[in-house]
Amino acid sequence: MTVPAPDPREVREASLDELSRLRLPLPPAQFPLVWEPGDQIELRPTVEIEARIAVLHLILARCFGMPPQAAMSWLLASHLVEMVTPPEFQFVTGGKGDHRSFVLHHDALFALAWVLGLTKQLDPTLPVDERLVERMPHIPEGETFGQWRARILAAPQHPADAAALLDLHYCLDWAYLETERAGRTPPGLVDANAIGQRRWALEWAVMLRGPYHDEPPGWEEVDLST
């Protein structure tokens with residue numbers, strides 16, 4: 001569903017109000033907007049977001065001891081091999097890559113779960129909901145991707161709500177990094193890495209359409225440099 005994007009300045013004002021409430025530093029006046037007036041927004045197709053959640057969940061299982069053969073068997077049974085990125089494939093099959101960076105994807109998965117209505121909150125001061133694992137594929141029990149999809153019955157957020165949360169995390173990402181650079185303690189129980197991962201997921205899930213936007217990026221192509 002493609003819808004008109006909300007007023008970016010009103011959304012930004014709300015994001016800055018939230019930063020102020022959390023007593024976080026505010027970005028400079030020239031900090032870019034995420035979208036422009038007149039842009040369109042939509043979420044990626046639900047099945048694509050579900051597939052990304054399932055792949056990230058599998059990678060986390062590999063991080064915590066799932067054998068590569070079992071991981072590949074599940075991917076094949078679930079017809080998800082083509083949804084795995086090259087770096088992820090190397091990690092799943094041979095354990096190659098930055099193990100810590102894959103563990104951090106736990107927060108990206110949490111944000112995607114929020115996008116699909118599998119968790120009710122994405123509070124920047126709170127860690128991942130401990131009950132989230134109950135809503136993930138039960139891989140050890142052999143629950144396939146298709147069986148999991150039928151069980152969860154995703155209810156995606158409205159694109160405008162997801163876009164507003166993207167703008168908030170764009171600002172939060174800057175503020176948390178600035179807080180850490182200043183040697184200050186963040187306001188909650190998560191750090192800049194977690195906020196960055198949540199932003200990564202939202203940048204990927206929310207597709208922006210307009211004259212100043214490129215085609216939506218692939219998972220490994222999401223740019224968090226600004």
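Me: Why is Asp7 called partly exposed in this predicted model?

Reply: Asp7 has a relative accessible area of 36%. Buried means under 20% and exposed means over 50%, so 36% falls in between and Asp7 is partly exposed. Asp7 sits in the loop between strand S1 (3-4) and helix H1 (8-21).

Me: What makes Arg12 count as buried?

Reply: The relative accessibility of Arg12 is 7%, and the cut-off for buried is under 20%, so Arg12 counts as buried. Arg12 is part of helix H1, and among the residues touching Arg12 are Phe31, Leu33 and Tyr170.

Me: How do you know that Glu50 and Arg149 form a salt bridge?

Reply: Their closest N and O atoms are 2.3 Å apart. The limit for a salt bridge is within 4 Å, so the pair qualifies. Glu50 lies in helix H2 (residues 46-63) and Arg149 in helix H6 (residues 145-152), so the pair ties together parts 99 residues apart in sequence.

Me: Are those two partners, Glu50 and Arg149, buried or partly exposed?

Reply: One of each! Glu50 is buried, at 3%, while Arg149 is partly exposed, at 34%.

Me: What makes Glu178 and Arg181 a salt bridge?

Reply: From N to O they are 2.9 Å apart, and the definition asks for within 4 Å, so this pair counts too. Both residues lie in helix H7 (residues 159-181), about one turn of the helix apart.

Note on methods: Residues numbered from 1 in each chain as written. Predicted model: local features only at pLDDT ≥ 70, side-chain atom pairs only at ≥ 80, totals over all residues. Heavy atoms only, no water. Helix = DSSP H or I, 4+ residues; strand = E, 2+ residues; numbered from the N terminus. Buried < 20%, exposed > 50% of the residue type's maximum accessible area, 1.4 Å probe, protein only. Contact = heavy atoms within 4.5 Å. Salt bridge = Lys/Arg side-chain N within 4 Å of Asp/Glu carboxyl O. Lists of a residue's contacts leave out its neighbours within four places in sequence.
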